[in-house]
Amino acid sequence: MKKSLSAILSLAMAFSMFSSVALGADAKKSSADFTDLKDLDAATKAKFDEMIGAGIFDGVKEGTFGLKDKMNRAQFAKVAALVFNLKVDTSLKTSSFSDVKSDDPANGYALPYIEAVKAAGITDGYAPGQFNPAGDVTKEQLATFLIRGLNKDSEGKNKTGVSDKTVSDWAKGYVALALELKLLSNGTDGTFGGTSAATRDLLVTSSYEAKKQFVDTNKPAKASVKEVKAVDYNKVQVTLDRDVDTDKATFVLKKGTAETKYEARDKDVKWSEDKKVATLTLKDGAKIVEDTYSVTLGGLDASSVDVVTKEFKGEIEKLTKIDFVTANDTIAKSKKVRVQIKPTNQYGQLASFTPGSYTVNVPSPDNNASIKKSSDGTKMYVELTTDGPNVYSGSSTVSINIWSNDYRDISATKVFKIGEYPYVAKVELGAVTYTNNKTAIQASGDKAVVKMTQYDQYGGEITVDSGSLDRRIQDPSAQLIPKGNTVVDNNLGQPTVEDDDGDGVKEVIVKTDKKITGSGEYTLQVYGGGSTASATVKVSASKIATKVEFGEFSKKNLANGDKDIYLDLIAYDADGAKLTADEIVDNVKDKRFNISVNGPLVADATTDVPASMLDADKKVVLSGENKGKIHFAKVDGKASGSVWIYIQGIYGSDTNKNKSYSTVDARYPVTIKTIEEAPNKAVAGADVKPKYQLIDNYQEVLKEMPTDKINENGKTVSYDVYATVKANGVSATLTTDNGTVVKDGDVIPMKQFSDKELKIATDSNTAVGGTYEVKFAIRKTTNNGNPSEETSTTKKVTIVNPTSEDLKYSLSAIGDLFKTIDDGTYGSDQNDITNSKLAKEVKVIAKDSAGNVIAYPKRILDVTADTYSVARTAAAANKGYIIGNKTGTSNVTARFYDAKGEIKIAQGTVTVKGDAIQIASMERDDASKTISLAAGTVIEGWKLMGNLTLKDQYGDEFKNENIIKYDKITSLRYTISDATKVGDKSVAELAADLDKIKINGKGAFTLTATTANGRSVTTTVVIN
């Protein structure tokens, strides 16, 4: 019995090959650090990550975990102490066992842990006075250890044992209880294999289950914050003493008076599987600085928590070392070679400093050495050419020297031999991502991108530039194999190998340009260099509607004469899941819906919604921003009616719905609302820019009349906006948003007036005291008679003397900036800040003593930022600009000429953030466009949409030709659908240039522009 119980202790060794890394002296590891763990299923990998991350297990050597290796009793003792939280006296130098010595080079480290497990009653040794620290552990001994560690020894002794000849009699009760508690399981042959050696993979999974049950049994009644510490330059780890409800738990991170709130299920909070450890990522690209921070736990019932706040001392990120990750001392002879390096910060993580923070020197000609970061920011490399003149395989060497520009004493040097030309020796597959954050390939145009790493014969990563001009590297082959009962969908394209994101590394792409007809999973099998890698690609066919209902009309009031009205169509499948717009369209195309309309709503095509955008019955929109909605061309009269829908072939209350509606009198403008109250006073030469909206009889914004004339009580009526200009000693020009000059007595088109900025440009020679007054009036004309004024608003601008006005100057709010220069994607914009679309104009405003804004000719001389590392500035053509560098806050000072011509300064602040740029809005001018173009013409897509404007969350605007210039941000792509045929070709097709369309003849097509985050607009184009 003693032998079996002490053998249990050798399990502890089997639990862990400890090293300084495992004990937390270096970076926290995971299964990703070991090549022999990459094929574990997700559930098992999570268990390994938990045990490795907790420091209970490490590899048998660098990069290798040793799944099937055995572990000894000394190692077991250490793991047992960690798993069951035993009290360990690390000062002990003498053991109660004669064969355990502190000076034993192999097992002496385990002495205090061996004494701890003995004191805990887990074992009394292998034999009298002996522990046998180098001995193995069997499965039945492992079962006994786990049961005893859980304080269930008596229960195991008295348990009815298993009827299994492979288990020793003394252990049968322990094994039975271990199986019942699901700590261990039988083998594939149905037996336990009690006397066989326990291997490391079994030890990890069984100790994981035991640890979880031990923690559950011994956790405190109330949760407390146990520890808070920084674990990376922008991450804070909060450790609790027990699990909590992660759907409710919140945190407040505080530095000084600044607080950052993390709500329940915040995307910047990652919880461990045991729900005891939360890792908070600082928001807005912030980094931890030299200061005192506190974290407070919240969101939970007060009766369920005890200590909720802990502090930690933050420090600025520092570089501690630079290592060569590439283990081999030979690199390929190639046009481009990647040598992976790891600049490490004080947390053991890859330092966040940009490649420009380091210098690389390779003392050989034509090497083109540079430092690059991977597109996902997780790796850093030295890229260089080793295929230059006088470089010979097998005899030449290259010395790579790297040092930090800021920490000059931190450097790394390694000499590599030059090997043969590279070929693919191994492939690995990583994460699978789908179009528009989907979870599967679902519709035409969708694709799955599978990250792939190709290694050459020396372990170097292969890029698109690897090899040489006459020794190109052959791409790995790839195929899709259906899993289980998945039926092959012939519409799913075969996988291709290509550089999808332009980062120089090829991915595996699976895409379709046809409708998906089946659902299931495929194994993506990739073969390269004699190795195989696999990943799972999911496909999901459009769902079939079994329940339908109506939403709301796009207009609150359905007025006679209104055009292009939409009605939301909502559908669900048999599982109750709501169908997407694409899935609704698929159901429409398959004729599953029968839709009918009576009353004044007319379902038909219009100029903005042509037949090419509608289904065969001209009722449902098939593409564009209103995809999946019912479309009505117009309201033809004032009456009541109904819209009916039912699902073909399915009967029941959920499949047959109607929506009643009533229409009202036609719209007309009744009020002019001021949106932007421009200054009433101006210095000569200044611009004044008012903005108004027309409000209709239903208190809705009216941008133009639905029809030129309407019927009011049997009379024909029309409305217009009329301008009356009175210039009293003032020379000024009034223009609309599109540059049209407005003179006294002009009628302004409503669509150029309502919700559009107007500009009154005063002449610099205008005398003080003069006034410029313009009255905008809504006029009504009845039966072609004389117009009558219904209502009006007046804008009066008085020219003031700047020498007699007590003007105060200040900077307008700049808004947040992105860390453009530090990010590096468009870091070169710092060389032309005044023209960068990622920079913002710095503006000065003037106010009089009463606080009224005064317009004056703005002339900025220069702009400066007091924190150069945060922002950079420039000035040109009387304007100032600022662009973000690194996250933080900076004071901004503008030097300018005031209204008197004197040089003044104004100050403000700007915040630079690190949140990745996302397109927040997207607009095009033309919903439909008819244009004459000759066959063979190649034209920019935005020209076919009138104008195309994108804006990000920082307020940066990318318009027309600048969209492609900033393609790495906008990632806008065009697609063509519903194109008429010209011979065997479509009337239009995508050109080689990403922003251009090739015209093949006359006809019509739908052009859709879509960003990477799913924003899209559509224009119907007719070529004549």
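**Close-up views of a predicted model**

**View 1. Helix 2 packs through its buried residues against helix 3 (73-83) and helix 8 (200-218).** The model is predicted: local features need pLDDT of at least 70, side-chain atom pairs count only at pLDDT 80 or more, and totals for chains, interfaces and linings use all residues. Residues are numbered from 1 along each chain as its sequence is written, and side-chain values use heavy atoms, with hydrogens and water left out. Helices (DSSP runs of H or I, at least four residues) and strands (E, at least two) are numbered from the N terminus. The buried residues of helix 2 are Phe48, Glu50, Met51 and Ile52 (buried: under 20% relative accessible area, 1.4 Å probe, protein chains only).

**View 2. Helix 5 (residues 139-149) packs with helix 7 (residues 172-180).** The angle is about 70° and the axes are 8 Å apart (axes: lines fitted to C-alpha atoms over the stretch in contact; angles run from 0 to 180 degrees between N-to-C directions). Helix 5 and helix 7 are therefore roughly perpendicular (65 to 115 degrees). Glu140, Ala143, Thr144, Ile147 and Arg148 of helix 5 meet Tyr174, Val175, Leu177 and Ala178 of helix 7 (contact: heavy atoms within 4.5 Å).

**View 3. Glutamate 700 lies in the loop between strand 34 (691-696) and strand 35 (701-702).** Glutamate 700 counts as buried because its relative accessibility is 19%. Beyond its neighbours within four places in sequence, glutamate 700 is in contact with Lys556, Asn557, Arg667, Leu694 and Ile695.

Conventions:
Buried means under 20% relative accessible area, exposed over 50%, partly exposed in between (1.4 Å probe, protein chains only). Angles under 35 degrees count as roughly parallel, over 145 as roughly antiparallel, 65 to 115 as roughly perpendicular and the rest as oblique.
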